[in-house]
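Subject: Structure handover

Hello,

Here is the structure, for your files. My notes on one strand and on the chain contact follow it.

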Protein chains: 2
Amino acid sequence: MNKKMRVVIIGGVAAGPKTGARINRLCPEAEITLVEKGEFLSYAGCGLPYYVAGIVRAQKELMSTPIGVVRDPVFFQKVKNIRVLNRTEAVRIDRQNKEVLVNDLRQGTRRTLSYDKLVLATGAKPVVPSIEGIERKNIFTLHCVEDAGGIRAGLADGRVRDVVVVGGGLIGVEMAEALAGRGCRVTVVEKLPQILPILDWEMAQIVRRHLEAKGVSVKTAATVQGFEGDEFVRRVQTDQGDLACDMVILAIGVRPNATLAREAGLAIGSFGGVTVDPTMRSSDPDIYAVGDCCESLHRITRRPCFVPLGSTANKQGRVAANNICGREDRFPGVLGSAICKVFDFAVGRTGLGEYQAKEAGFEVRTVLCPGPDKAHYYPTARPLMMKLIVDAGSRRLLGLQAVGPGAADKRVDAAATAIAANMTVDDLSHLDLCYAPPYSSAMDNIITAANVARNKLDGLVQTLTPMEVKRKMDKGDDFIFLDVRSPQEYKALALPNSTLIPLGALRDRCEELPKEKEIVTFCKISLRGYEAAGILSARGFKDVKVMDGGIAMWPYEKKQA
Amino acid sequence: MNKKMRVVIIGGVAAGPKTGARINRLCPEAEITLVEKGEFLSYAGCGLPYYVAGIVRAQKELMSTPIGVVRDPVFFQKVKNIRVLNRTEAVRIDRQNKEVLVNDLRQGTRRTLSYDKLVLATGAKPVVPSIEGIERKNIFTLHCVEDAGGIRAGLADGRVRDVVVVGGGLIGVEMAEALAGRGCRVTVVEKLPQILPILDWEMAQIVRRHLEAKGVSVKTAATVQGFEGDEFVRRVQTDQGDLACDMVILAIGVRPNATLAREAGLAIGSFGGVTVDPTMRSSDPDIYAVGDCCESLHRITRRPCFVPLGSTANKQGRVAANNICGREDRFPGVLGSAICKVFDFAVGRTGLGEYQAKEAGFEVRTVLCPGPDKAHYYPTARPLMMKLIVDAGSRRLLGLQAVGPGAADKRVDAAATAIAANMTVDDLSHLDLCYAPPYSSAMDNIITAANVARNKLDGLVQTLTPMEVKRKMDKGDDFIFLDVRSPQEYKALALPNSTLIPLGALRDRCEELPKEKEIVTFCKISLRGYEAAGILSARGFKDVKVMDGGIAMWPYEKKQA
């Protein structure tokens with residue numbers, strides 16, 4: 001390697017500093033210059049909702065090391081040997097001469113920086129729709145420290161009561177919780193028929209009900225048409241009516257900030273991000289791109305995707321630095337793993353959703369598997385609703401979604417590891433996960449779900465999803481919807497058109513049921529429903545199915561008695 | 001398959017009922033008889049410490065389904081189609097005639113049960129040493145519901161104050177916590193030089209200090225010589241002095257209960273368990289063995305091992321049933337994954353420990369990696385101390401140990417999945433684990449630890465373990481023990497013979513240090529220590545090493561200022 005290699009990095013939030021630090025580690029003689037448009041460096045963008053919520057008290061915490069040292073230009077120079085030019089904008093890349101033209105925003109002066117290797121870490125930018133009234137005050141995105149500061153200042157005067165969050169994705173629901181926690185009345189307005197498109201519809205429904213139970217209004221399939229008001233926003237117009245508001249949070253997504261790259265003629269992908277190879281190199285061999293400004297490869301579909309996340313940014317920064325310093329390293333891509341906290345729920349997923357998997361050409365089987373996340377008799381056990389997405393042909397796990405008060409993150413991480421290793425559900429069901437009652441059941445939720453998947457793939461059980469059952473009901477199909485819970489449970493809450501025969505009595509009362517008619521069994525989580533189907537099939541009933549996931553996964557309204 | 005296949009199962013706690021239920025599912029016509037010596041069926045043995053602690057209120061909860069139905073003989077008959085003979089002891093297996101002689105303990109009558117397939121699920125039994133006075137009252141093992149009931153009754157009269165727990169393994173520390181929680185003064189006496197042999201010594205030291213901080217006395221390398229007293233035990237004699245006590249818990253381990261199998265001439269392994277193949281078949285093709293009575297294959301070493309756990313028992317039961325019913329299934333073995341709660345700590349591990357790995361012939365590298373388990377600025381972040389065990393040749397992950405108030409179980413499960421897939425630390429460092437500040441750092445602890453391992457394997461950093469540093473100190477080696485934390489941190493707590501130069505000042509103050517002398521850098525978790533080593537090496541210092549894990553992993557006494 002050229003010992004005096006000059007590296008210029010554009011972007012100082014996540015992937016940029018990581019890349020610089022690693023380069024300094026591998027090539028201490030390299031001259032590293034980091035250019036950042038904003039004031040602040042290396043801050044935790046993902047922590048902004050918690051700063052708005054007041055859970056994280058001071059902005060400073062988001063840009064400090066664990067022992068409280070602020071990562072400012074002096075820190076980077078002293079510790080990482082990186083020269084930082086903050087409040088400096090990169091204006092143009094001259095690939096011919098390997099120079100970057102930068103503009104010092106403090107002094108308004110321009111100069112050029114020469115590079116041997118250039119790293120683009122320009123991040124993403126929030127999508128701001130061109131809707132009438134968008135320029136009014138108290139309409140915020142949540143992308144940088146300044147946004148969060150503005151929202152907190154807006155809340156501080158005590159006159160913000162009603163808030164509309166436009167967009168029900170990860171940031172939208174995190175902000176809904178943050179603002180509800182600050183005493184605001186929050187309405188989430190989402191254009192799609194469901195919130196949280198990282199989840200399949202029925203899983204998102206469970207989260208929606210939890211948001212609503214916590215006092216957040218949710219409007220789906222709703223389009224914002226305008227922001228009324230004076231200097232400040234006062235009212236949001238939607239195709240489902242107007243909403244009074246004192247503040248609007250725009251959270252309809254982000255796009256790669258690839259303007260510089262595009263203008264320099266680098267290859268850009270279909271999501272608008274810089275195209276990179278597994279070494280994080282762009283179409284110019286001396287220019288790398290890392291973090292939210294570039295596209296990733298999906299490890300299952302092998303197609304490009306755009307999943308902006310701080311975790312990915314850090315990994316990509318390390319890979320880029322390794323390659324820049326002559327150490328071969330390849331980023332294998334992402335699985336779209338994501339998680340967020342929504343009040344008492346954790347909401348996580350990895351791999352492909354059901355519809356993504358179908359679209360990618362897989363022969364999809366799904367499992368809905370609710371259950372306690374720990375030994376059911378242990379007092380801290382909490383419900384966890386899981387969905388597995390499986391390829392019928394190869395028996396491979398394609399995806400997992402987990403929501404509820406139980407420990408979703410643990411199951412998502414095990415599944416993400418399993419998917420990266422191309423594990424089948426058979427492999428999954430034999431995993432030696434750690435077990436003790438305060439942490440899991442003897443059969444962990446993942447292992448139970450994998451066993452259900454194996455039963456389905458092996459044709460040992462016929463199932464219908466709750467959505468399929470509902471469609472049958474709505475069509476007026478003639479079938480017996482057999483609830484096998486106890487009379488007490490049935491009295492407290494029953495699904496429409498259901499017949500009760502408790503599991504313990506079923507062997508004796510089989511004769512009450514017609515042998516040729518379609519029977520769909522269920523219970524709270526459909527474990528007893530599964531037992532019941534076995535009993536009936538063994539007795540010669542011809543058409544017995546289990547409703548996957550039971551009442552716990554019924555995504556429609558449930559009437560309490 | 002023979003539709004009227006007769007199956008006899010001996011043992012009704014975990015693996016036996018599971019096997020029976022699955023057989024009934026696959027072959028509803030099979031005649032299944034389950035023989036259990038005790039009164040109770042299908043109870044959660046792993047929950048007994050929590051019943052003693054009072055966290056689980058009633059015995060009944062340990063033997064009920066999640067909706068509170070007690071799994072008694074009627075339940076098994078009605079729901080699982082299994083005939084249960086409880087309080088019935090299997091006396092002898094006649095392999096020639098395929099019969100089991102059983103003794104009805106209620107009536108004292110004997111009879112024979114014919115089988116086509118026999119399943120041994122006879123479990124394990126606690127080791128009871130032949131020490132003088134062992135017969136006195138208030139000396140308990142913790143193996144069955146009756147043991148736990150006896151302990152609770154002993155506690156109930158209010159005269160039990162001092163308890164000695166003999167054995168510092170999983171059950172021993174769980175019982176220490178349970179009894180301390182009931183107001184007892186607890187002393188753990190362990191024969192080995194450390195508690196919790198599932199962990200390497202330095203990891204066990206961290207747990208030991210936590211136990212001591214919670215008021216539990218721990219004596220290691222101590223041998224019990226006798227139990228003095230009258231009708232009741234009053235004093236435990238050890239080679240480290242006598243201990244007054246009102247109750248003794250014996251928790252020195254369990255052995256496979258394989259007497260029946262041995263007497264029937266089945267092959268028995270070196271741990272005393274029934275030898276089985278991956279289909280769970282014993283040396284007799286019509287006899288299967290599942291759960292704690294049999295030995296398992298270790299997935300890494302491919303050697304037999306004995307790891308009695310309810311999680312494994314359930315998996316093995318399913319595999320045995322599948323094979324009995326003609327569906328091929330193979331149990332791939334175990335990784336020795338285990339976890340327990342020790343007051344505020346979770347203590348988990350999977351795979352091989354450092355010394356096990358060396359013994360198995362691997363070229364071992366280790367990483368000690370402490371850090372917060374969530375984004376450090378998120379208020380619920382808690383420390384987690386991890387150790388990775390890696391094979392230098394193949395770069396494969398061999399084991400992970402995790403202790404602390406942080407979420408150890410999540411990291412153990414991801415590691416168990418990775419090890420099952422033969423992942424290298426390079427694979428591990430690229431995993432797409434789910435990230436949001438309430439659940440992890442942008443670089444999860446596992447990914448950071450994997451990156452440290454990669455740095456070590458690639459020769460990018462030289463390290464010493466705290467134990468190696470301590471040995472150098474004790475030998476009187478001449479080296480600089482360079483603490484690079486802040487003066488405030490140093491003032492609060494410093495390691496012996498250490499020199500302070502804060503990281504931020506190191507570039508300017510390098511000259512104070514001799515270039516040729518060995519320097520060992522560290523900080524709280526050795527992240528700054530790692531930065532410091534990089535700075536010094538870049539400045540031409542010849543012999544710079546980092547102390548792995550920093551002060552957080554220093555297993556010796558730390559003097560608060």
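This is a predicted model: local features need pLDDT of at least 70, side-chain atom pairs count only at pLDDT 80 or more; totals for chains, interfaces and linings use all residues.

β30(B) has a parallel pairing with strand β26 of chain B (residues 463-464), made over 2 bridges. Here B:Val546 is the bridge partner of B:Thr463. Strand β29 of chain B (residues 519-522) also pairs with β30(B) in the parallel sense, over 3 bridges, and B:Lys545 stands opposite B:Val520. Between β29(B) and β30(B) the chain passes through helix α17 of chain B (residues 527-538), in a right-handed β-α-β crossover.

The contact involves 67 residues of chain B and 68 residues of chain A. On the side of chain B that touches chain A, the elements giving two or more residues include α9 (310-324), β21 (338-342), β22 (345-351), α11 (408-420) and α17 of chain B. α11(B) gives the most, with 9 residues. By type, the residues of this side of chain B are 42 nonpolar, 13 polar and 12 charged.

Which surface do the copies use to meet? Of the interface residues of chain B, 99% are also interface residues in chain A, so the copies meet through the same surface.

Regards

Terms used. Residues are numbered from 1 along each chain as its sequence is written. Chains are lettered from A and ligands numbered from 1 in the order in which they are written. Two strands pair if DSSP finds at least two bridges between them. Helices (H or I, at least four residues) and strands (E, at least two) are DSSP runs, numbered from the N terminus. A crossover is right-handed if, with the strands pointing away from the viewer, the path from the first strand over the helix to the second runs clockwise. Two residues are in contact if their C-beta atoms, placed from the backbone, lie within 7 Å. Ala, Val, Leu, Ile, Met, Phe, Trp, Tyr, Cys and Pro count as nonpolar, Asp, Glu, Lys and Arg as charged, and the others, Gly among them, as polar.
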